[in-house]
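Hi,

Here is the structure I said I would pass on. Have a look at it first, and my notes on what turned up follow below.

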Amino acid sequence: MSVRAPETVRERKGFFTDTTVCIGCKACEVACKEWNQLPDDGFVFTAMSYDNTGALGASTWRHVAFVERPVAFGGQTTADGDFSWLMMSDVCKHCQSAGCLENCPTGAIVRTEFDSVYVQPDVCNGCGYCIAGCPFGVIGRREDDGGAWKCTLCYDRLKGDMEPACAKACPTDSIQYGDLDDLRRRAEERVATLHTRGVREAYLYGASEQDQPGTGGLNAFFLLVDRPEVYNLPPDPVAPAKKAREAWLSMAAAGLGMLVVAAGAVLSARGGSR
Amino acid sequence: MSEAAMREPVEADPDRGTDRRNIDQARGVLEGEGSLQKVRGPEHSAREEVWTEEPTAGGDDPTYYDRPVLKEPVWISAVPAYFWVGGAAGAAATLGAVAQVADRRGFEGLVRRARWMAAVGAGVGGGLLVADLGKPSRFLNMLRVFRPSSPMSVGSWVLAAVAPTAGIAALTSGREGVPGGLGDAGGLAAGVLGVPLAGYTAVLLSNTAVPVWQATRRSLPALFMSSGMTTAAGLLGMLDLTEREERVVRRFAVAGRVADLVAAKAVEHDADLVRTVGKPLHEGLSGTLWKASEALTAASLVASLLPGRRSRLRRVVEGTLGAGGSLAMRFAVFHAGKASSRDPRATFHQQRSGHGGLEATGREPVSAPPAG
């Protein structure tokens with residue numbers, strides 16, 4: 001069940017994040033905070049490698065994950081046993097079937113003309129249903145604000161023909177912004193190149209409807225070299241509304257049952273004494 | 001700007017200390033996409049737990065430092081309390097409407113009390129839902145659009161329709177003529193809408209990414225519906241009713257309690273298809289509440305089936321056990337969902353065992369490096 005209105009989508013924009021060239025500099029995190037004027041994360045030390053951001057949330061719209069793996073990259077050897085770094089800049093996926101958008105009861109979450117998913121802060125009443133509906137744990141609500149917030153794909157910059165701040169700041173082009181068709185073509189070429197160079201484990205995550213039917217494909221997709229779980233990505237995410245039919249049918253059957261019981265209770269007692 | 005001006009020390013802004021944006025508002029304009037966000041302190045979600053064993057990638061069952069993959073639902077206890085109140089209101093509205101259609105005069109007392117329970121329940125329920133909102137002053141935005149893909153939108157409209165119709169019906173109970181007719185129409189409308197009011201909350205929960213809620217989407221609506229019957233009948237049974245009305249309420253209650261016990265087993269079965277998904281129903285706060293709920297419901301069923309005089313005290317004990325069991329169940333399901341969302345393995349195992357997108361679309365995703 002999709003509630004998007006494709007006729008309002010003029011351009012299909014998104015991100016291709018190539019994790020094999022991410023160097024973990026967090027320039028994307030900083031650029032996002034600066035441009036969008038988001039508050040800090042509280043300066044905590046997590047002891048999770050170099051990741052002191054932890055997760056995406058209401059005021060963290062880019063998050064660089066750091067994985068220290070006891071596994072060598074394909075075709076590579078390391079001096080001190082098998083080891084490799086994985087770094088990935090995570091972001092809202094702007095799903096084709098967006099759980100947050102489909103769950104939003106106020107119409108605060110909309111699909112923009114760039115095919116991105118946008119929360120209108122002046123409409124959101126903070127019901128929290130989008131947060132439970134997101135299969136990636138992206139959207140969040142700050143206790144002191146009360147509204148739901150997430151990456152806007154830099155809607156304001158896009159309207160001014162500028163690329164999102166994170167992609168602009170990325171020094172290695174790990175984050176690439178552009179037209180989705182173009183990004184997919186570039187991503188497939190990159191996977192082919194990596195395969196010929198011996199990194200046989202490279203693959204695309206969520207690049208299209210065929211790759212990830214549960215979400216209908218992601219407008220922000222990734223090139224990964226290990227299972228999605230390693231990067232804290234769900235292996236087979238699904239927009240919850242795709243399963244709603246069974247729940248509604250079950251409710252209808254139970255409701256019929258309640259009516260029958262009520263009628264039985266009333267009718268069986270009708271003939272008796274008052 | 002001159003060089004001298006650039007070197008000038010920035011005056012401490014009284015708001016900067018609490019704003020956490022580090023923007024000198026004399027020089028920078030707050031108009032970014034996130035600038036409307038009100039910020040007073042650091043986010044509490046930043047707190048971390050100390051590991052006992054170093055969680056690391058690799059192995060057959062990897063996670064990202066055991067961090068949750070989902071966000072924990074932000075709802076407060078007002079939400080499960082609403083599930084309980086709304087369920088009872090819906091079931092009462094339906095029972096009242098059926099009694100009204102069958103014999104309005106004969107069941108006058110029961111019809112009136114059921115209508116009042118529906119009206120008060122819908123009103124209190126609405127208040128509980130507003131209290132849960134992050135921005136309560138914007139509660140009317142719930143009726144800004146109608147979105148069939150969102151069970152919360154559907155439910156908001158149902159609740160908004162039940163409250164006034166049940167209210168009119170309650171206020172005109174026992175009246176004749178035009179007011180009585182209006183009341184009957186209201187009672188009938190509230191009775192029809194009472195069915196979705198009693199059950200939509202289960203659809204709402206299952207329509208989320210939370211593993212244990214999504215996994216129980218076929219059985220949870222039945223449990224919520226029967227639980228509404230148990231509570232409504234338990235509470236109505238405590239009131240002054242004629243002998244005939246008391247029999248109606250008792251039969252409704254017994255059917256509800258039997259259905260509760262059966263549906264609870266079905267929910268457990270659905271959740272336990274994947275061990276990590278069903279875990280919160282057996283462990284922790286949610287597990288304890290779940291067991292307590294089953295025990296209370298079973299006790300109320302036994303109490304209602306025992307022979308002997310049906311004194312008021314007995315009806316109060318019976319009704320309290322049943323309603324208490326139902327309340328414990330709502331909180332058990334609520335906390336099970338919170339626990340489930342904190343466990344990344346619940347999500348990973350559910351989806352790896354074919355209960356993710358594959359189940360809904362029939363097609364496999366690309367979710368691993370190519371073999372070879």
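**What I found**

Let's begin with a loop in chain A: N232(A) sits between strand 10 (220-224) and helix 7 (244-270) of chain A. Before going on, please keep in mind that this is a predicted model. N232(A) is not a glycine, yet its phi is positive, at about 65°. For background, most residues other than glycine have a negative phi.

Look for D115(A) in the loop that runs between strand 4 (109-111) and strand 5 (117-119) of chain A. D115(A) is buried too, since it has 21 C-beta neighbours inside 10 Å.

As for chain A as a whole, it has seven helices and ten strands. Its C-alpha trace spans about 90 × 40 × 40 Å along the principal axes. Of the 274 residues in chain A, 60% are buried. If you take the contacts in chain A between residues at least 6 apart in sequence, 63% of them join residues at least 24 apart.

**Where the chains meet**

How many residues of chain B are in contact with chain A? The count is 103, and they touch 103 residues of chain A. On the chain B side, the elements giving two or more residues include helix 3 (78-103), helix 5 (151-171), helix 6 (177-206) and helix 9 (243-271). Helix 6 of chain B gives the most, with eight residues. Sorted by class, the side of chain B that touches chain A has 50 nonpolar, 30 polar and 23 charged residues.

**The core**

The largest nonpolar core has 187 residues, and A92(B), A118(B), V162(B) and F252(B) are the ones with the most contacts inside it. Helix 3 of chain B gives the most to this core, with 15 residues. Leaving aside neighbours within four places in sequence, A118(B) is in contact with A89(B), A92(B), A93(B), G96(B), V162(B), A166(B), A190(B) and G194(B).

**Two helix pairs in chain B**

Helix 11 (residues 284-305) and helix 12 (residues 312-342) of chain B pack with their axes 7 Å apart, at an angle of about 160°. That angle makes helix 11 of chain B roughly antiparallel to helix 12 of chain B, because anything over 145 degrees counts that way. The crossing of helix 11 of chain B past helix 12 of chain B is left-handed. The residues of their contact divide into 15 nonpolar, ten polar and one charged.

For the other pair, turn to helix 4 (residues 108-132) and helix 8 of chain B, whose axes are 11 Å apart at an angle of about 125°. Helix 4 of chain B and helix 8 of chain B are therefore oblique to each other. Helix 4 of chain B passes helix 8 of chain B in a right-handed crossing. Which residues meet there? From helix 4 of chain B come R113(B), A114(B) and M117(B), and from helix 8 of chain B come A232(B), L235(B) and L236(B). By class, the residues of this contact are five nonpolar, no polar and one charged.

Happy browsing!

Conventions
Residues numbered from 1 in each chain as written. Chains lettered and ligands numbered in written order. Predicted model: local features only at pLDDT ≥ 70, side-chain atom pairs only at ≥ 80, totals over all residues. Contact = placed C-beta atoms within 7 Å. Helix = DSSP H or I, 4+ residues; strand = E, 2+ residues; numbered from the N terminus. Nonpolar A, V, L, I, M, F, W, Y, C, P; charged D, E, K, R; others polar. Buried ≥ 20, exposed ≤ 12 C-beta atoms within 10 Å, placed from the backbone. Axes fitted to C-alpha atoms, helices over the stretch in contact; angles between N-to-C directions. Parallel < 35°, antiparallel > 145°, perpendicular 65-115°, else oblique. Left-handed = near helix turned anticlockwise from the far one by under 90°. Core = buried A, V, L, I, M, F, W, Y, C linked by C-beta atoms within 7 Å.
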